[in-house]
Amino acid sequence: MAINGFSLLREEEISEYQTVARLYRHDKTGARVLSLANDDENKVFGAAFRTPPRDSTGVAHILEHSVLNGSRKYPVKEPFVELLKGSLKTFLNAFTFPDKTCYPVSSCNLQDFRNLVDVYLDAAFHPLITRHIFMQEGWHHELDDPDGPLKRRGVVYNEMKGAYSSPDSLLHEYSQQAVFPDQTYGLDSGGNPKTIPELTFEQFREFHETFYHPANCWFLFHGDGPEEDERLSILAEYLDGFGPLEPESEVALQQRWSEPRRERKTYACSEDGEDERGYATLGWLLCETAEVEENLALRVLEEVLVGMPSSPLRQALIDSGLGEDLAGIGLEEELRQMYFSIGLKGIKADGLEDTAGRMQGLVTDTLRDLADNGVPEDVREAALNTIEFDLRETNTGSFPRGLALWLRSLTTWLYDGDPLAMLAFEEPLGRLKQRLADGEPVFENLIRRWFLENPHACLLTLAPDPELGSRREREEKEELARELEGMDQAERERIMAETRELREKQEKPDDPADLARIPALGREDMPPENREIPFAESEERGALVMRHEQPAAGIVYFDAGFDLSGMDEKHLPWLPLFGRALVEMGTKKRSFTELTRAIAAKTGGIDPAMMHSTDLEGTPVSWFFLRGKATSEKAQDMAELMTEVLTSADFSDAERFTRMALEEKARLEQRVTPAGHLFVQNRLRGSLTRAGRLAERTSGAEYLFFLRELCSRLPDEWPEIRRSLEAVRDHLLTRSARAANVTATAEDLAAFDPHLDGVLAGLPGFGPAEAVERPPMHGQDEALLIPAAVNYVGKAVNYAELGIDPGPAAMAVSRWLRMGYLWDRIRVQGGAYGAFCALDDVEGTLGMVSYRDPNSANTLAVYDGAADLLASLELDKAELDKAVVGAIGEIDAHHLPDAKGFISLTRRLTGRTPQWRQEKREAVLRLGNEDFRRFGEAARALAEHGRVVVMGPEQAAGEIEETGRKLERLRIL
């Protein structure tokens, strides 16, 4: 059957997702289309191109950025940004993988969805990709004076300099390259900063011409609209203009080795080299991803080996004391061939190679013991339950479910396999269960085949090099100096002219007529009222209880909350470790091993979480939660386990806690460079508000300092440390107000009521606790020093303390600044990867932070310039409407059932009433230029009174101090 030039190849119902799947092929070009029809209101479209790179210049990554910078139908500088400004999108982005480039969009609004799809299709198949776009997004020389200095700039260039500043990112990249040295996965599709400048504009254009053709494209539609014929009609409008092509984009298989290998790499650490640590991983090449049953069995085996705190291989590595935490990515299942990597981070640099060898022996011995003596039954049961729960729940968080299903389908479909093979999991799961029930040693055989008897294995070490960062910087400067020296006057003038021309194009506004061509909704299309989350509230056994009836598909989500307002200041930093100790150290009834395996076998997880916010009266609201989820059949088990860990957690195992604290420290250190903007935001917020102080002490730099000091005391001061854990539990259970939150279907809510009552009844009685006054952590401007090639620059102010009110529509103005002014000045013109405008109109704070930024002082000048811009800004109706629609899109963000229940609870705890929220919405819908000018007062306060925190190398701090601002230095890494 042919529809709009497409032939229907297959139609099948996927009962696992209540979805009808139809697979089409475009007759003229051979383009492939997977259409998934179901009742998901969050509609998803995606176009994926198979783009295996031939070098590490990052051409696929640069092209991913560039095709969204103007197209034949929409010839403006950045249609992507215009959509970000004024769409109801629930997702809008693009990804570069090692062998594919994906362009997904999603929206719950059908017309908005149509608009997004049209812009993305035109961008993919008819981009402008001019030389200037290549220079901006990829790389270019920058020269302002004939005598220099000559610089390199570019968004992707700086993004990858940031990635290469993170040892964990490097470890991932090097581990993959070590296992796949002979084919495309042995290259860096994101781009190696040393190699990116080798890419020419001509090669860049050729890459698009070669790979961005319908014959090399895999499309997806998912959700409740549009209708099937319209989906194909939308595609036909673009595809019918192309002819057939045989793209040479096949991904070759990595040939298997006959013997194992070993590699050594280095990463840049601080120049003092004090207490620097190394990494070591073992990697094995496994089967092709399309081998469905082997794939599924390996996913369960990963959970067996390392998925739980008490998994045998994880526990053996952690308990060895050879390192501080696990390293490696575990099972990689998004490439044509799967691979597995595991190891340790936090290894003493002195003797790294020897320790890596001992680690390899330990891994081999542990795997051999499992293969010879069998995987324990409780481990097997727990692992199987975890994977099955994840498959059935499909909880993708803020990631659209349709997008997750598409990416899963591409793991087979992209290599000419069955796109539904990894979606319809019931049959292969049933067969795996039957094999296990029949006594087949499935996991033991897998261990022998893929680990013990597999010669395609590589031991990789990543060692710290205190001189590497400065050496790279010196080599880059010398290289640029040589390039400049080799240029004659005409060449220098050409580069100066290109530099000026690029800046002029970046600063020149788009033609309003061209902007008007981008399809957009208006404020009149916005629903006038918020969509409230229904709930039932009661007080039971002294606790606030909220119930949320949601289509949770047979899963019960349960949150137990405890108020932290009265907790002793000295105990605050203990909370994250205390939360882990509850579920990872055992109880009076069960050992650590028994507890963690029971949680995995009976639930979908029980995890600690915290919330630090402010209510409408300006009072800090801080809560500790224990969050659990389970199928309705096992909801009673979940409730009993949560009661058990809250009331009888056993904190007696000093060695187990020591390992856990070292893990926590290593994980936080791992996050510093990739999430530098969050550390800067936390640091700033901690100095401005009382709630910010709590967040900084439990997740920011202060928490990292606490962990380092704590680890230096362990295990020698264990009795005192244990008393602190007991004190935290004593406060939570006897002096903290309580909240319980349940999200499920109506039937499952009713069935869970007795179990909920059992949890509340099982907790000891409690009395009121006096709130503790916690002033902000006032401090001067700071430089948080890390060995990175990029910066994270932040500035923030508490405008409320200065008596400033930016108005009820401030969130819309803040969002406009982020998507417009900061994007243009910090990313487009400044070359940073991104920038954020963080407004909390309840706390009364405004902050701006950049991400992977080559600048520091110049970025602060951009922040300070926002006030003058807003003072005289006059936006036309179309721009104002974009700001309104974009803000409403954030207010009406799509959430899965569990998130709706938790969001509703946090709104209740912080006093954000429906009336308050509706007033905010109505203010946004009335947005006018006067709101921007009013917000300008807060921006002026930021410029004149804001506190500065910069994270990066010493050079960044020095550049800021040259402007007259004094920074206190703190070494973070």
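Trainee: Which residues point one way from β19, and which point the other way?
Mentor: Ile555, Tyr557, Asp559, Gly561 and Asp563 point one way from β19, while Val556, Phe558, Ala560 and Phe562 point the other way, and all are buried. In a regular strand the side chains alternate between the two faces of the sheet. This is a predicted model, in which local features need pLDDT of at least 70 and side-chain atom pairs count only at pLDDT 80 or more, whereas totals for chains, interfaces and linings use all residues. Residues are numbered from 1 along each chain as its sequence is written, and side-chain values use heavy atoms, with hydrogens and water left out.

Trainee: What makes strand β19 largely enclosed by the rest of the structure?
Mentor: Buried means under 20% relative accessible area, exposed means over 50%, and partly exposed lies in between, for a 1.4 Å probe and protein chains only. Nine of the nine residues of β19, residues 555–563, are buried, and therefore the strand is largely enclosed by the rest of the structure.

Trainee: How do you know that β19 and strand β22 pair, and in which sense?
Mentor: Two strands pair if DSSP finds at least two bridges between them, and β19 and β22, residues 738–744, have six bridges in the antiparallel sense. There, Phe562 stands opposite Arg738 in β22. Nine bridges join β19 to strand β21, residues 620–631, and these two also run antiparallel, with Phe558 standing opposite Gly628 in β21.

Trainee: Why are β25 and β28 called edge strands?
Mentor: An open sheet of six strands has the order β25-β26-β24-β27-β23-β28, with mixed pairing, and β25 (834–840) and β28 (968–971) each pair on one side only. Within this sheet, strand β23, residues 782–785, pairs with strand β27, residues 947–952, in the parallel sense over four bridges, and Ala783 has Val950 as its bridge partner in β27.

Trainee: What makes α22 roughly perpendicular to α23?
Mentor: Helix α22 (residues 654–672) and helix α23 (residues 676–686) pack at an angle of about 100 degrees, with their axes 7 Å apart. Angles under 35 degrees count as roughly parallel, over 145 as roughly antiparallel, 65 to 115 as roughly perpendicular and the rest as oblique, and that makes α22 roughly perpendicular to α23. The contact, which means heavy atoms within 4.5 Å, is made by Leu668, Arg671 and Val672 of α22 together with Gly676, Leu678 and Phe679 of α23.

Trainee: How do you know that helix α1 is largely enclosed by the rest of the structure?
Mentor: Eight of the eight residues of α1, residues 59–66, are buried, so this helix is largely enclosed by the rest of the structure. The buried residues of α1 pack against several elements, among them β8 (100–107), α5 (155–163) and α28.

Trainee: Why does Arg494 count as partly exposed?
Mentor: Arg494, which has its place in helix α17 (residues 489–507), has 37% relative accessibility and therefore counts as partly exposed. Arg494 and Leu143 are 351 residues apart in sequence, and 9.5 Å apart in space from C-alpha to C-alpha.

Trainee: Why is the sulfur of Cys711 too far for a bond with the closest cysteine sulfur?
Mentor: A disulfide is a pair of cysteine sulfur atoms within 2.5 Å, and the sulfur of Cys711 is 19 Å from the closest cysteine sulfur, in Cys269, which is too far for a bond. The structure holds zero disulfides. With a relative accessible area of 15%, Cys711 is buried, whereas Cys108, at 22% relative accessibility, counts as partly exposed.

Technical notes:
Axes are lines fitted to C-alpha atoms, for helices over the stretch in contact, and angles run from 0 to 180 degrees between N-to-C directions.
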